[in-house]
Amino acid sequence: MMQWLSMGGYWMYLWPSYLLTLLVLVLNVGYARRSARLARLEALRRVQGAAAQQGRS
Amino acid sequence: MKPPATGVVSPGKAGWRLVQRDLRLGLRRPGEWLQPLVFFLVVTTLFPLATSPELSRLRDMAPGALWVAALLSSLLALELLFREDGQDGTLEQLAVSGLPLPWLLLAKTCVHWLMTGLPLVLAGPLVATALGAPYASIPGVFAALLLGSGALSLIGAVGAALTLGLHRGGVLLALLVLPLAVPVLIFGARATSLAIAQDPMTAPMYLLGAIAVLSATLAPLAAAAAVRISLE
Amino acid sequence: MDWTWFHRFGSPPHFYRIAGKLIPWFAWLAALTGVAGLIGGLILAPPDYQQGEGYRIIYVHVPAAVLSTMAYAAMATAAGVGLIWRMNVAHAVAASCAAIGASFTFLALVTGSLWGRPMWGTYWQWDPRLTSELVMLFLYLGYMGLRDAIDDTARADRASAVLALVGVINLPIIHYSVDWWNSLHQGHTLLKFAKPSMPPSMLVPLLLLMLGFVLYFAAIVLVRSRGEVLRRERNARWIAELLGAPS
Amino acid sequence: MKLLIAENLQLWRGELHVLRGLSLAVDVGCCLQVTGINGAGKSSLLRVLAGLLPPEEGSVRWRDIDTRRDPYAFHSELAWLGHGTALKGDLSARENLRYSAGLRRELTPSMIDAALARVGFAHADQRLARQMSAGQQRRVALARVLLLDSTLWLLDEPTSNLDRSGQQMFTQLLEAHLDEGGLAVVATHQPLPLAAQRLQTLELT
């Protein structure tokens with residue numbers, strides 16, 4: 001196991017690459033979901049605003 | 001019903017009139033288009049000051065210094081291309097003139113190159129000799145700058161059209177145009193260094209010429225689309 | 001040819017629904033191929049006879065680099081469709097591609113230089129691929145900067161679409177010029193990332209991971225695009241039905 | 001005959017629904033006056049009609065052809081005057097006209113002088129455009145509209161900065177244009193004293 005982790009002495013280049021990749025993958029998921037959620041909230045507000053406007057007029 | 005207007009001008013002639021107008025305007029305001037030239041000279045002067053006055057060392061750097069300075073200077077000049085015409089409504093008039101907008105913008109870009117690019121092309125070989133290039137290299141350096149600066153003006157026109165009327169236009173324009181100018185920079189600098197070394201420079205010159213032709217055909221179309229979008 | 005699918009995909013409610021159904025499929029398939037590729041690449045594949053275990057960085061670097069180019073191509077295609085057919089859904093897709101593509105370009109750059117350290121002895125080498133990748137990052141940043149600078153979404157969509165198309169024409173020229181430039185100045189031998197003569201035990205995990213990255217990209221783009229479609233939608237009725245708001 | 005027809009125009013500016021299914025038709029020899037409070041979309045409507053601003057939905061037709069299908073045929077019959085006067089500060093009035101209207105029509109010096117006289121601009125005036133007052137610049141811009149000799153005028157606030165005599169002058173120009181069988185769409189608050197049968201009005205809210 002330790003031998004596998006050391007990757008023939010290349011561990012200090014290899015594992016940071018994989019870690020960073022994981023980070024980019026996770027962050028992209030997070031940001032995408034956040035932006036989709038914000039867009040939904042924004043749309044909801046707009047729809048409700050329009051409904052309220054119609055109710056007034 | 002009203003009869004159609006008489007004496008309609010052909011697009012070719014209209015383009016020529018636009019060239020005349022922009023030339024006349026430029027000549028009435030020489031300060032504006034001389035500034036990029038002065039900028040070019042100042043930047044190329046900074047290179048020896050920042051490194052060493054030895055001509056043998058400067059000669060190696062001359063192509064790079066020349067092209068980076070030419071690129072930055074043409075970038076600086078792009079502000080002049082559409083800004084005023086966009087603000088005072090001239091571009092609007094051109095867009096609804098019933099004349100092909102890409103053609104009119106090509107005419108404007110040509111004048112822009114005459115006023116800001118051509119001075120660099122003329123000054124460039126002199127600067128190169130000041131940086132240690134032999135006199136025999138002058139025609140080669142001149143030819144490389146001639147093709148390259150034309151392509152830079154055309155590519156820049158697209159960027160200038162896209163950033164028309166934006167508040168943070170200046171820095172954004174640099175960010176848009178500089179990556180697109182990489183091939184021109186590479187082939188231009190290579191042609192220049194071959195000229196300085198007195199070697200045949202056909203390969204990079206062909207490539208530079210290809211880029212110039214491609215830009216001359218596609219850039220006006222893209223710039224026209226961008227101008228229409230910016231006018232919305 | 002029947003083009004109704006094209007127009008139906010261009011209608012926001014349809015796109016929203018179809019994308020919502022596709023996302024889990026893409027996501028799970030991406031996870032599956034990704035894990036399979038990782039097992040194959042990190043455990044099963046033998047060490048390289050020249051580079052030892054160090055070559056295993058290619059299993060993240062190459063997919064990231066491939067994705068960075070592919071995302072630009074996808075962005076430009078979507079932008080072109082949006083510009084020509086005035087299709088808001090396509091603009092929404094193009095807008096979603098940029099940030100993801102930029103992040104993978106960045107990833108390809110960093111993993112490339114981490115891979116370069118043991119191979120070249122330095123983190124940064126003016127290698128043609130890395131240099132092209134760097135220029136591409138600038139292209140992405142320019143695209144995002146232009147989008148950011150324009151307030152009106154419709155105008156931002158169209159202006160950035162023109163830029164994406166100009167960029168996609170330039171991209172091969174930039175690649176070629178950088179390769180050409182590098183071949184002139186290259187004194188030392190270049191190490192190639194992916195050898196054509198890779199044994200299947202090394203190549204299959206790489207292909208699996210590439211597929212996984214592409215599927216992942218598709219899933220993320222669709223998640224983002226669904227949000228962007230809502231931002232661009234004017235006709236509120238289906239949004240109201242969708243979100244269950246009183247209308 | 002309705003030469004200019006717009007149908008079901010829909011336009012948003014940001015979150016604002018500016019044009020909500022607007023339709024209009026302008027007859028030969030008629031002027032459509034567009035009024036409305038600031039921000040009601042007068043300029044937007046004119047820009048949509050001119051083809052500078054694509055509407056989200058709806059179409060503008062000129063001589064029964066969608067203007068987006070054949071913009072060049074439409075634009076060659078259009079004289080547009082927007083907020084900007086499109087005058088170059090470093091050129092005189094005559095030079096400005098020669099290089100702007102002259103892009104589209106062959107002009108003789110006497111034609112330019114006649115147009116300048118009609119807008120009440122002394123043709124001996126050799127000043128550069130940037131030395132003129134805003135009202136004088138408007139007059140020169142109107143002279144360009146005259147010189148284009150177009151069938152359709154689309155004018156956005158043509159009388160801004162004009163004094164009373166300038167406004168009267170504009171009404172006369174407009175009447176002469178309509179008499180010749182031209183069409184005009186004008187966004188202005190100033191009442192246009194035209195005969196009722198040749199004046200349509202559209203109030204945007």
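These are my notebook entries on four chains of a predicted model.

**Ground rules**

I noted that the model is predicted, that local features need pLDDT of at least 70 and side-chain atom pairs pLDDT 80 or more, while totals for chains, interfaces and linings use all residues. Residues are numbered from 1 along each chain as its sequence is written, and chains are lettered from A and ligands numbered from 1 in the order in which they are written.

**Entry 1: chain pairs**

I looked up which of the four pairs of chains in contact shares the most contacts, and found chains A and C. Two residues are in contact if their C-beta atoms, placed from the backbone, lie within 7 Å. Chain A gives 28 residues to this contact and chain C gives 35 residues.

Chain A does not touch chain B, and their nearest C-alpha atoms are 24 Å apart. Chains A and D have no contact either, with their closest C-alpha atoms 9 Å apart.

**Entry 2: chain B as a whole**

I read nine helices and zero strands in chain B. Helices (H or I, at least four residues) and strands (E, at least two) are DSSP runs, numbered from the N terminus. The C-alpha atoms of chain B fill a box of roughly 75 × 35 × 30 Å along the principal axes. Among contacts in chain B with a separation of 6 or more, 79% join residues 24 or more positions apart.

**Entry 3: two helices of chain B**

At what angle do the axes of α8(B) and α9(B) cross? I found roughly 150 degrees, with the axes coming within 9 Å, for α8(B) at residues 182–196 and α9(B) at residues 202–231. Axes are lines fitted to C-alpha atoms over the stretch in contact, and angles run from 0 to 180 degrees between N-to-C directions. Residues of α8(B) in the contact include Phe187(B) and Leu194(B), and those of α9(B) include Leu208(B) and Ile211(B). By class, this contact has ten nonpolar, one polar and one charged residues.

**Entry 4: strands of chain D**

I followed β3(D), residues 31–36, which runs parallel to β8(D), residues 183–187, and is joined to β8(D) by four bridges. Strands pair if DSSP finds at least two bridges between them. Val34(D) has Ala187(D) as its bridge partner in β8(D). β3(D) also pairs in the parallel sense with β9(D), residues 199–204, over six bridges. There Gly36(D) stands opposite Leu204(D).

Methods
Ala, Val, Leu, Ile, Met, Phe, Trp, Tyr, Cys and Pro count as nonpolar, Asp, Glu, Lys and Arg as charged, and the others, Gly among them, as polar.
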